[in-house]
Amino acid sequence: MHHLLPLLVALPLLGAALLVAGGRRLPRRAAETIGCTVSGATAALAITLLLNSSPPLVEWAGGWVPVNGESVGIMLIGDGPALGMAALASLLTSAALAYSWRYFDEPPRRHAGSFPALMLVFQAGMCGFAIAGDLFNAFVFFELMSVVAYALTGYRIDEAKAVQGALTFAIVTSLGAYALLMGIALLYARTGELAMAQIGRGLDRTAVHGGPDALVLASFVLVLTGLLVKAAAVPFHFWLPDAHAVAPTPVCMVLSGVMVELGTYGVWRVYGTVFAGPGGIPPADLRRVLVVLGVLTAVVGAVMCWYQRHIKRLLAYSTVAHTGLFLIGIGVLTPEADDGIALYLIAHAGVKAALFACAGILLDRYGSVDELALFGKARQLRTVAALWGVGALGLAGLPPFGTALGKAVTEEAVGGALALVYVAASAVTGGAVLRVGARVFLGLGPRPKSDGEYETTGAGERPETRRRLSRVPDTMTAVPALLLAGALAVGTVPGFGGLVADAVNEAGSGGVVVTSVHWTVPGVLLGLASALLAVGLTAVAVTRPALLAAPDRALPLRRLQSGHIGDYVAWLLVGTTLLGVLALPGVLGA
Amino acid sequence: MSRRTRLWLVAVSGTGLAALLVAACLELPPFGGSSHPYGERAVRAALARHTANTIASVNFDQRAYDTLGEMSILFAAVLGCVVLLRQARDEHRARPEPAEVDLPVRRYALIVLPVAVVGGLYVIAHGQLSPGGGFQGGVVAATALHLLYLGADYRALERVRPVGLFEVADSLAVSAYLVLGLAGVLAGTAFLANTLLPYGTFNTLSSGGNVPLLNAAIGMEVACAVVVLLARFLDQAVEIEQGNGKDDKDDKDDKESEKENGKENGA
């Protein structure tokens, strides 16, 4: 079974290569069918491997199985979280390809296969990153998925905004990748190893006085910078709203649903395997780093989300807010929180992708994704309205959605004030989405007036289909419906939570810790509280817009998202230094 | 954010990062030490499989899976370029006019061209024996073709490099690498395992088992990828023009390119 692990990468790549080779002859329909089939087959493979991943699969590419504990080969990990992320990425790619079925305006001439091919390479990159057990190999696939994501973001070259967003994305993420590579170089210099587990052992062996030194700290900071840029943690997050607002909708579904989350997964994986030992970064310092950054990210993301009127930007900021919640969860380093985050992440992927899919329908039907311009216009889209409302409540964490279950489990694990951050961030982001729904689909409240010159309106966007849709194709409503059903199933299918928890624990602690994941009364109440809070916020915002409109003191925060790449690079440097400062006590104390 | 604030932020945080990096570099192992844990293992493994160039053994045998990722990055970059540098709605194609080339330049280019192409192929073919290999040789061979652009003109270059064919060859090379990897899985060993072919005689062209084959696939991939990449950028620089105006310098060719490129004039 374990020999099949590399096929998760090889299969979609082969599909992409054949699509490009035959792309000049293939009619569009054939190219799209091949894309869907290959992506679906990879998803099936990932799920099959996932079902056989206990005990975790390990594969050495090229058959370089270690002799006396030493190997020159590359290790691939097939444990629950790795294959779970690969399966999630594959399923979302398939969903996005199904959603984009005959969707784009016109494919580049004589290259009908190029969009499905790019999506397949993207899928291969994400799967490769998820199952990488070797730090350098993880970097290679980090780069692969980034390169494809830049091209996909700028796909609509006729719009200056799309090209600008892709360029910002490319520069900021590339800087993150250089930081990651430098961190890997430092670790290699110290240990002479590239496999994550071996680096971790090497650090423990070579630790001076049994603790970390400046080199370990620097490599930790650099590696984390790369991964947090991908995860879009504040202050590394500025590329995300600019890129997600302009990327084609099917691409947004994958970017927001799973690519960003792979950064969080990477942090979890790298800390657990490389830096968790006595020669690495002490748990207290990691906790400080991730909790501080996570809270900052959740707050900034939620506030910015509330103040958006460009619907895709609003959804992008809600992804930032949720990244913050995920980082807090993995930062507290308890097995229960890890389980909760795993569930939260799966269900969030479904909800977020479904919401982006609905936003795409608005764009193609009305040529706008502006909350104010679309006021009351989408009344006749009843199905989409229902999907949007369900998605918004799912985002806010209404039981029995999987988001609510994951959130409840995590809240119980983090406890106290941090649990309040979860309630508040999910309520504000869910409320913002619900507010858009109430205005656009129902036309509730007074017609809002446009104000403020610093706003990015969502008007004047070009539909991504050949012409404005007069009728919404069935695939475009079926895909979000299925995704929402999936998010619901995560919370309701009996035993699913337990399965995920077992898989995460087996990977995290070798199965020593046994946790149980189930609905609890406080969990349900907190979930209901955040959903109610979201509804309340929406009610106030719709009936009394002035009360919750952006106050002047929020302006400096909003101005930070200036669109100037130099600003974003400066913030990246600030973030890297901040990481160093936050993790410094562990090194000084050693 | 004003320029001043930005510079101030960069200065402060850059100093912090620089301090961290300097402190880290002071902890690096001293230069020229005798302990090379990875190097020793890699050389031993390369020799065991009769690959004279250890770098080639690392690239195409020990860490061939990384090379697969790197090759895919190049492939994705080419694909991305083809998509991003396509003709936009408000652009049209104009035939470039041949420019006068000085005779010495022309002579030099035409003499060096075959030498450079052969040099590139040599570097690819001897990847498992001497420094070089598919990545390096591929770039040499691909750029050699472009001497024609310097020595003659753009249209001469276009005649020797049909971009469509190179795109197909590029993806076939990627497929070849993948199929060679999958052969290992089918044979029951592992993906990209170098255990199917005999390792041959050390320091001859046919040594190293799989290594020369994977190396050749990479060489072909890189050569084709670089040709297509350069073609796309040259297209933008030389042929594709902004606006709806048309020059009718070469009417017949213009019609042809129009037919090829379908829509024009913002259709």
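Student: Hey, I'm looking at R44(B). Which helix does it lie in?
Tutor: R44(B) belongs to helix α2 of chain B. Keep in mind that this is a predicted model.

Student: Okay, and is R44(B) buried or exposed?
Tutor: R44(B) counts as exposed, because it has 12 C-beta neighbours inside 10 Å, and the cut-off for exposed is 12 or fewer.

Student: Switching topic: how many residues does each chain put into the contact?
Tutor: Chain B brings 60 residues and chain A brings 63 residues.

Student: Which elements of chain B are in on that?
Tutor: On the side of chain B that touches chain A, the elements giving two or more residues are α1 (3-26), α2 (37-48), α3 (54-62), α4 (64-84) and α9 (163-186).

Student: And which one gives the most?
Tutor: That's α4(B), with 14 residues.

Student: What kinds of residues are on that side of chain B?
Tutor: They split into 34 nonpolar, 16 polar and ten charged.

Student: What does the predictor give the complex for ipTM and pTM?
Tutor: The ipTM is 0.94 and the pTM is 0.94.

Student: What about chain B by itself, what's its mean pLDDT?
Tutor: The mean for chain B is 87, and 91% of its residues reach 70 or more. There's one stretch to look at, though: over residues 245-267 of chain B, the pLDDT is below 50. Beyond near neighbours in sequence, that stretch has 20 contacts in the model.

Student: Let's jump to chain A. How many residues are in helix α1?
Tutor: Helix α1 of chain A covers residues 7-22, which is 16 residues. From first C-alpha to last it reaches 22 Å, close to the 22 Å expected at 1.5 Å a residue.

Student: Why is α1(A) said to be largely enclosed?
Tutor: Because 15 of its 16 residues are buried, α1(A) is largely enclosed by the rest of the structure.

Student: Now strands. How do β1 and β2 of chain A run, and how many bridges join them?
Tutor: Strand β1 (residues 57-61) and β2(A) run antiparallel, joined by five bridges. As for who faces whom, A61(A) stands opposite I74(A) in β2(A).

Student: Is β2(A) mostly covered or mostly uncovered?
Tutor: Mostly covered: β2 of chain A spans residues 74-78, and five of its five residues are buried.

Student: Which of those residues point which way?
Tutor: I74(A), L76(A) and G78(A) point one way from β2(A), while M75(A) and I77(A) point the other way. Residues on both sides are buried.

Notes: Residues are numbered from 1 along each chain as its sequence is written. Chains are lettered from A and ligands numbered from 1 in the order in which they are written. This is a predicted model: local features need pLDDT of at least 70, side-chain atom pairs count only at pLDDT 80 or more; totals for chains, interfaces and linings use all residues. pLDDT is the predictor's confidence in each residue, from 0 to 100. Two residues are in contact if their C-beta atoms, placed from the backbone, lie within 7 Å. Helices (H or I, at least four residues) and strands (E, at least two) are DSSP runs, numbered from the N terminus. The expected span of a helix is 1.5 Å times one less than its number of residues. A residue is buried if 20 or more other C-beta atoms lie within 10 Å of its own, exposed if 12 or fewer, and partly exposed in between; C-beta atoms are placed from the backbone. Ala, Val, Leu, Ile, Met, Phe, Trp, Tyr, Cys and Pro count as nonpolar, Asp, Glu, Lys and Arg as charged, and the others, Gly among them, as polar. Two strands pair if DSSP finds at least two bridges between them.
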